[in-house]
Amino acid sequence: MTRQMQEYLYRQGILKAPTTDPIFESAGCDECHGTGYSGRIALMEMCPITMELADLVARGAPISEMRKIAQANGVLSLYQEGLRQIVDGHTTYSEIKKLSYTSEG
Ligand SMILES: [Zn+2]
């Protein structure tokens, strides 16, 4: 994994420390019909409702405010969850970049 990628993942809250782990790129073969992928993974945003969030919901607070609190509590966005899956070796950056609802790029 390049240093630049590590810094990016660190800023996104995915990496906590430097790593020598590789990041995979997809390469096709006959078995996967040239896609380089096997199976599918689901990306999900999991947001536990804390007392603080429940209070915001009850007050009808704007989504942006709830999102800010959730992120402060360590909740990952869909895009960030995708980045985590890259680090875990389950998918590739080029695949996550295709997501239309990314927070950047
Ligand atoms: Zn293959």
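User: Why does aspartate 55 count as exposed?

Analyst: Aspartate 55 has 11 C-beta neighbours inside 10 Å. A residue is buried if 20 or more other C-beta atoms lie within 10 Å of its own, exposed if 12 or fewer, and partly exposed in between, with the C-beta atoms placed from the backbone. The count of 11 falls under the rule of 12 or fewer, so aspartate 55 is called exposed. Aspartate 55 belongs to helix α2. Its C-alpha atom is 33 Å from that of isoleucine 96, a residue 41 positions away in sequence.

User: What kind of model is this, and how are its residues numbered?

Analyst: This is a predicted model, in which local features need pLDDT of at least 70 and side-chain atom pairs count only at pLDDT 80 or more, while totals for chains, interfaces and linings use all residues. Residues are numbered from 1 along each chain as its sequence is written.

User: What is the mean pLDDT of the protein chain?

Analyst: The predictor's confidence in each residue, from 0 to 100, is called pLDDT. Its mean over the protein chain is 89, and 94% of the residues reach 70 or more. Where pLDDT is low, the predicted coordinates should not be read in detail.

User: How many helices and strands are there in the protein chain?

Analyst: Helices (H or I, at least four residues) and strands (E, at least two) are DSSP runs, numbered from the N terminus. By that definition the protein chain has five helices and zero strands, in the order α-α-α-α-α from the N terminus on.

User: What makes the protein chain more spread out than a compact globule?

Analyst: The radius of gyration is taken over C-alpha atoms, and the globule rule is 2.2 Å times the number of residues to the power 0.38. For 105 residues that rule gives 13 Å, whereas the radius of gyration of the protein chain is 17 Å, well over that value, so the chain is more spread out than a compact globule. Along the principal axes, its C-alpha atoms fill a box of roughly 55 × 30 × 20 Å. Of the 105 residues, 8% count as buried.

User: Why is α2 called roughly antiparallel to α3?

Analyst: Helix α2 and helix α3 (residues 63-72) pack at an angle of about 180°, and their axes are 10 Å apart. Axes are lines fitted to C-alpha atoms, for helices over the stretch in contact, and angles run from 0 to 180 degrees between N-to-C directions. Angles under 35 degrees count as roughly parallel, over 145 as roughly antiparallel, 65 to 115 as roughly perpendicular and the rest as oblique. The angle thus makes α2 roughly antiparallel to α3.

User: Which residues in α2 and α3 meet?

Analyst: Two residues are in contact if their C-beta atoms, placed from the backbone, lie within 7 Å. Glu52, Leu53 and Leu56 in α2 meet Glu65, Met66, Ile69 and Ala70 in α3. Ala, Val, Leu, Ile, Met, Phe, Trp, Tyr, Cys and Pro count as nonpolar, Asp, Glu, Lys and Arg as charged, and the others, Gly among them, as polar. The contact residues therefore divide into five nonpolar, no polar and two charged.

User: Why does glycine 60 count as exposed?

Analyst: Glycine 60 has 6 C-beta neighbours inside 10 Å and therefore counts as exposed. This glycine lies in the loop between α2 and α3 and, just after α2, takes a positive phi of about 65°.

User: How do you know that histidine 33 is exposed?

Analyst: Histidine 33 has 9 other C-beta atoms within 10 Å, so it is exposed. Its place is in the loop between α1 and α2. Although not a glycine, histidine 33 has a positive phi of about 55°.

User: Why does glutamine 12 count as partly exposed?

Analyst: Glutamine 12 has 16 C-beta neighbours inside 10 Å, so it counts as partly exposed. This glutamine is found in the loop between α1 and α2. Glutamine 12 touches Gln80 and Leu83, not counting residues up to four places away in sequence.
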